[in-house]
Amino acid sequence: LNEGTRIRRKETLENMCDERARMLQDQFNVSMNHVHALAILVSTFYHGKDPPAIDQKTFGEYTERTSFERPLTSGVAYALRVRHSEREKFEKEHGWTIKKMETEDQTLAQDCDPENLDPSPIQDEYAPVILSQETVSHIVSIDMMSGKEDRENILRARASGKGVLTSPFKLLKSNHLGVVLTFAVYNVHLHQDATPEQRIRSTVGYLGASYDVPSLVEKLLHQLASKQTIVVNVYDTTNVSAAINMYGPNEIDTGLLHVSSLDFGDPARKHEMRCRFKQRP
Ligand code: WA2
């Protein structure tokens, strides 16, 4: 290969990779803003009115009809903060018990109808899902604090007031790795510089969105019709020595590699896109 051809080939890879990374990042950012707006909707119409002016039917219809605003998400849901002292009253009012999230081997052992789930064991507080987009209706009544990744997200979201992301993990009723984005909902307008303690105290619930990364990235890349030319991987590189492959095949060395940075808006998580040509020149 002559020098000129090699340079052009390298530039082509860089441009294709950067373009795809930027598209993915922009779509993620757009959906994150809409999930934030949904948290404000719930704050206004569920907590801002007595009795609440939004129920499952309204939330289900609204989130389904606005799903085009949240590219890459597979569904959104709202979990209410329930203290143990309020549990009995809450369960009586809703007509169901707060359920514990299943582990993976439980999911394999039995079908995952929420009716078959165990009640959540006693805790200081719970985060049962009370409103959901139809696409994730299987998480209604499940205590989101009983799942490791969801729990960490809830604690970080409410102390920070920012949208926060989980590490990649296997979502319920999905065979792929995904991530969850969480915003806390507060019962007062908090100042930009409110302390974590003030935030935790005024927390009333958690609005979350799940991202089924492989199928959604696939859909996005498909629109670009470049799949003949390059192989794309998306990694969570939060722990550099143990990067997690969130999208794409196991890496095979086909020579030239380009890494494009990806910013999904949570400074505690790092992501990147890695691109290669399918064929050697
Ligand atoms: N949503 C969908 N599938 C899941 C999941 C989840 N969490 N966790 C495991 N599989 C209601 O942060 C609050 C959504 C959690 C929000």
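The model is predicted, so local features need pLDDT of at least 70 and side-chain atom pairs count only at pLDDT 80 or more, whereas totals for chains, interfaces and linings use all residues. Residues are numbered from 1 along each chain as its sequence is written, and side-chain values use heavy atoms, with hydrogens and water left out.

View 1. The shell consists of Ala77, Ile139, Met144, Asp150, Phe169, Leu171, Leu172, Val180, Thr182, Tyr206, Gly208 and Ser210; a residue is near the ligand if one of its heavy atoms lies within 4 Å of it. These residues divide into eight nonpolar, three polar and one charged. In this classification, Ala, Val, Leu, Ile, Met, Phe, Trp, Tyr, Cys and Pro count as nonpolar, Asp, Glu, Lys and Arg as charged, and the others, Gly among them, as polar. Strands S7 (177-186) and S8 (203-211) each supply at least two residues of the shell, and S8 gives the most, with three. Helices (H or I, at least four residues) and strands (E, at least two) are DSSP runs, numbered from the N terminus.

**View 2. The largest pocket.** A pocket is defined on a 1 Å grid over the protein atoms alone, as an open set of points with protein on both sides within 12 Å along at least five of seven lines; lining residues have an atom within 4 Å of a point. The largest pocket has a volume of about 620 Å³. Its lining comprises 22 residues, of which His36, Ile40, Ala184, Tyr186 and Leu190 are the closest to its centre. Volumes are the space filled by probe spheres set on the grid points, which are joined across faces, edges and corners. Helix H1 (3-47) and S7 each supply at least two lining residues, and the largest share, six residues, comes from H1.

View 3. In the side chain of aspartate 150, an N or O atom is 2.6 Å from a nitrogen atom of the ligand. A nitrogen atom of the ligand also has a backbone N or O atom of leucine 172 at 2.9 Å. An oxygen atom of the ligand lies 2.8 Å from a polar side-chain atom of threonine 182. The protein covers 98% of the 400 Å² of accessible area that the ligand has on its own, as computed by the Shrake-Rupley method with a 1.4 Å probe.

**View 4. The second largest pocket, where the ligand sits.** The ligand sits in this pocket, a term that requires more than half of its atoms to lie within 2 Å of the pocket's grid points. The second largest pocket has a volume of about 400 Å³. Among its 28 lining residues, the closest to the centre are Val136, Ile139, Leu171, Val180 and Ser210. Strand S1 (75-80), helix H5 (148-160), S7 and S8 each supply at least two residues of the lining. By class, the lining has 17 nonpolar, eight polar and three charged residues.

**View 5. The largest cavity.** A cavity is a set of grid points where a 1.4 Å probe fits but cannot get out. Two cavities of 30 Å³ or more are counted, and the largest has a volume of about 90 Å³. Its lining is made up of Leu24, Phe28, Leu72, Val179, Tyr211, Val213, Leu216, Val217, Val234, Met246 and Phe264. The lining residues divide into 11 nonpolar, no polar and no charged. Helix H7 (213-222) gives the most, with three residues.

View 6. Most residues other than glycine have a negative phi, and most peptide bonds are trans. The peptide bond from aspartate 50 to proline 51 is cis, with omega near 5°; proline 51 lies in the loop between H1 and helix H2 (56-65). Leucine 72, in the loop between H2 and S1, has a positive phi, near 80°.

How values were computed. Polar contact = N/O pair within 3.5 Å; in protein donor to acceptor, adjacent residues only side chain to side chain.
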